[in-house]
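Reader: I would like a close look at one part of this model, the site around the ligand. Please take me through what surrounds it.

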Amino acid sequence: MIEIIGMTKVYTTGKVNVEALRGIDLKIEKNDFISIMGPSGSGKSTLMNIIGCLDTPTQGEYHLEGMKVAELDPNRLADIRNQKIGFVFQNFNLLPYATAFENVEIPLIFKGDSFKKRKARTEELLEIVGLKDRMDHKPTELSGGEMQRVSIARALACNPSIILADEPTGNLDSVSGAEIIEIFVDLWNKGHTIAIITHDTKISSRTQRIIKLLDGMIVDGGGA
Amino acid sequence: MALLMFINQFLRDIKSQKLRTFLTLFGIIWGTTAVTLLLAFGEGLHAQISKASHGLGDKIVIMWPGRTSKPFQGLSKGRVIRFKEEDAFLLQKEIIQMGQISPEYNEWSVQVKYKKNVFSQNVTGVYPVFADMRNMIPEEGGRFINALDIKNKKRVVFLGDKLKNDLFKEEAALGKYVFINSTPFLVVGVMNEKKQDSNYSGRDAYKAVIPATTLSAMFGRRYLDNMVFKPRDPKQNEYVKEKVFEVLGKKYRFDPEDKEALMMWDTTEMDKFFNYFFYGMRVFLGILGAFTLIVGGIGVSNIMNVVIEERTREIGIKMAVGAKRIFILSQFVFETLLITFIGGAVGFLISWGILSIFPMFKLEQYVGTPTFSASVAILATLILGLIGFFAGFFPARRAASLNPIQALRL
Ligand SMILES: Nc1ncnc2c1ncn2[C@@H]1O[C@H](COP(=O)(O)OP(=O)(O)O)[C@@H](O)[C@H]1O
Ligand SMILES: [Mg+2]
């Protein structure tokens with residue numbers, strides 16, 4: 001379902017070039033549950049952003065469900081981000097002025113759902129992440145764990161087959177972190193394809209496969 | 001569906017971004033109202049002053065007797081030059097550019113009486129054209145002195161509005177008799193109230209005007225106090241004045257170049273002054289208005305700038321969850337248009353409202369009637385809206401053309 005061949009990513013900041021990815025080959029099959037590990041700065045986020053169509057590689061190929069992502073136009077990419085891939089950020093990236101309900105609802109608005117449909121779906125999603133009673137709260141009125149659950153609900157909004165999470169528990173205490181992980185395991189059981197970046201072996205041990213990155217290269221777990 | 005999406009997005013953002021929306025709205029409302037009121041009061045003041053300055057008469061020349069300052073054809077200097085009623089006809093005949101001319105007699109402190117009300121007032125004797133030159137307009141139902149009154153030396157009187165009120169109070173005056181030095185005069189007209197900021201023989205509102213012929217017979221007058229004339233075309237004022245000196249110089253034997261032989265007051269000179277004055281005032285108001293708009297515009301664009309960081313992040317988040325560029329930009333444009341429209345409409349209504357209740361404060365006699373100008377309000381709104389639009393559009397477009405991750409990092 002996801003196939004990456006010889007991918008590189010070079011960041012150019014001023015005169016310095018940073019090679020964040022240096023030839024990545026990676027395959028992820030449908031309903032895989034993988035974790036990506038590696039020291040800070042090894043390129044994990046860079047890789048996941050590219051997989052999530054939030055960023056573009058410098059070189060290499062990325063096939064998503066048979067499509068060559070490099071050849072897709074921006075609108076098609078927007079649709080993919082909207083409906084095929086759900087992204088969970090370490091720092092949540094919620095709209096600060098919007099309530100939990102409104103944050104979860106956003107992807108549904110871009111999908112073009114009617115108000116009635118959106119309302120039902122948003123409530124369903126908040127129910128799934130256990131926040132139905134907090135849906136009128138703004139992010140500042142929620143704990144870290146709750147904010148992350150809101151962002152997971154948002155990622156799930158259009159029922160994407162792929163869920164990508166970049167250190168979803170990185171900013172959370174261990175109890176909240178454990179709860180979040182259970183949500184991901186649940187989703188995996190429901191058939192979603194899931195990739196999680198983490199430093200926590202308690203999390204990676206729950207996944208099927210661990211991919212280890214070092215200096216922009218996969219040192220373990222790349223093949224299917 | 002796409003439209004529904006904008007509206008959903010928009011309503012939600014407006015609702016959640018109350019402060020930002022309010023500040024932008026406020027900037028536009030404030031700018032529009034301030035500029036509209038500024039120009040309205042400026043125009044009102046202009047109209048007021050120019051109306052008052054024309055209360056005496058519009059583009060007229062008033063001429064009084066003078067004293068020669070040069071010897072002429074053996075005659076010594078220092079002779080008084082006076083003129084008579086018939087000189088008005090002479091001037092009218094000799095000078096084709098002469099539009100209207102009226103002799104004027106004034107009798108000061110004459111007793112004017114109606115029933116028990118007695119006042120000592122200025123009685124003026126003139127010809128019918130005087131009314132037109134001096135903007136003395138009769139109230140409904142009445143009239144000014146006419147040619148027949150002149151011919152038959154009729155005892156009819158046209159009363160200034162204040163004098164009428166003093167004499168008659170609430171009572172109607174038309175068709176009644178007032179006594180001028182014990183002689184009964186029929187009231188044929190009452191003057192419409194008018195603004196008059198200058199005069200030479202008392203304010204018209206307090207005058208009793210009678211036919212010139214009646215006055216000269218009644219008071220035994222041979223010489224006029226003055227004449228009032230109005231050239232056909234105000235541009236010919238200088239020429240006509242010279243001709244008056246020539247014609248009367250020939251008749252009364254003084255040097256036409258002797259500018260002291262006759263005294264003249266040309267009100268077009270005052271007009272010229274007012275025109276310069278108002279030109280200056282317009283420039284001043286224009287600059288003030290421009291500054292108000294600039295300040296308002298800076299306010300609006302500052303608000304846009306303050307929210308750019310926030311907005312860029314917001315755009316990054318929205319793109320990360322599937323917003324297309326076109327939606328983001330359309331939403332921005334739509335939002336700006338709507339805020340501008342609402343802000344402009346509110347500013348429009350506020351200024352219109354203020355200007356419509358303004359007459360209640362009864363300040364017109366000081367500042368005139370400020371006139372609401374829809375085009376000024378619309379223009380001010382448009383300018384502010386455009387400033388806000390450009391201040392916000394380019395950063396928004398830049399953010400929307402980035403990868404979502406880049407927008408999130410900005
Ligand atoms: N936007 C960027 N500009 C320049 N360098 C970057 C940028 N993002 C990441 N990098 C660099 O790329 C490398 C990989 O970063 P990242 O993918 O965030 O690593 P990880 O998520 O594993 O900590 C690091 O050296 C980081 O400094
Ligand atoms: Mg990272």
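**The site around ligand 1**

Author: Start with the elements of chain A. Strand E1 (2–13), strand E2 (16–28) and helix H1 (44–51) each supply at least two residues of the shell around ligand 1. H1(A) gives the most, with three residues. Keep in mind that this is a predicted model.

Now the residues themselves. The shell holds 13 residues, and among them Gly41(A), Lys44(A), Ser45(A), Thr46(A) and Arg409(B) come nearest to ligand 1. By class, the shell has four nonpolar, seven polar and two charged residues. Ligand 1 is surrounded by residues from chains A and B, so the two chains share the site.

Next come the polar atoms. A polar side-chain atom of Thr46(A) is 2.5 Å from an oxygen atom of ligand 1. For Lys44(A), an N or O atom in the side chain lies 2.9 Å from a ligand oxygen. Ser42(A) uses its backbone instead: an N or O atom there is 3.3 Å from an oxygen of ligand 1. On its own, ligand 1 exposes 560 Å², and the protein buries 70% of that.

Since both chains take part in the site, turn to where they meet. There, 26 residues of chain A contact 27 residues of chain B. The two chains bury about 2,500 Å² between them, with 58% of it on carbon and sulfur atoms. The rule finds one salt bridge across this interface. Asp79(A) and Lys324(B) form a salt bridge through their side chains, at 2.9 Å from N to O. On the side of chain A that touches chain B, helix H2 (74–83) and helix H3 (100–111) each supply at least two residues.

Technical notes: Residues are numbered from 1 along each chain as its sequence is written. Chains are lettered from A and ligands numbered from 1 in the order in which they are written. This is a predicted model: local features need pLDDT of at least 70, side-chain atom pairs count only at pLDDT 80 or more; totals for chains, interfaces and linings use all residues. Side-chain values use heavy atoms; hydrogens and water are left out. Contact means heavy atoms within 4.5 Å. Buried area is the accessible area (1.4 Å probe) that two parts lose on being put together, summed over both. A salt bridge is a side-chain nitrogen of Lys or Arg within 4 Å of a carboxyl oxygen of Asp or Glu. Helices (H or I, at least four residues) and strands (E, at least two) are DSSP runs, numbered from the N terminus. A residue is near a molecule or strand if one of its heavy atoms lies within 4 Å of it. A polar contact is a pair of N or O atoms within 3.5 Å; within protein, one must be able to donate a hydrogen and the other to accept it, and residues adjacent in sequence count only if both atoms are side-chain atoms. Accessible areas come from the Shrake-Rupley method with a 1.4 Å probe; for residues, only the protein chains shown count as cover. Ala, Val, Leu, Ile, Met, Phe, Trp, Tyr, Cys and Pro count as nonpolar, Asp, Glu, Lys and Arg as charged, and the others, Gly among them, as polar.
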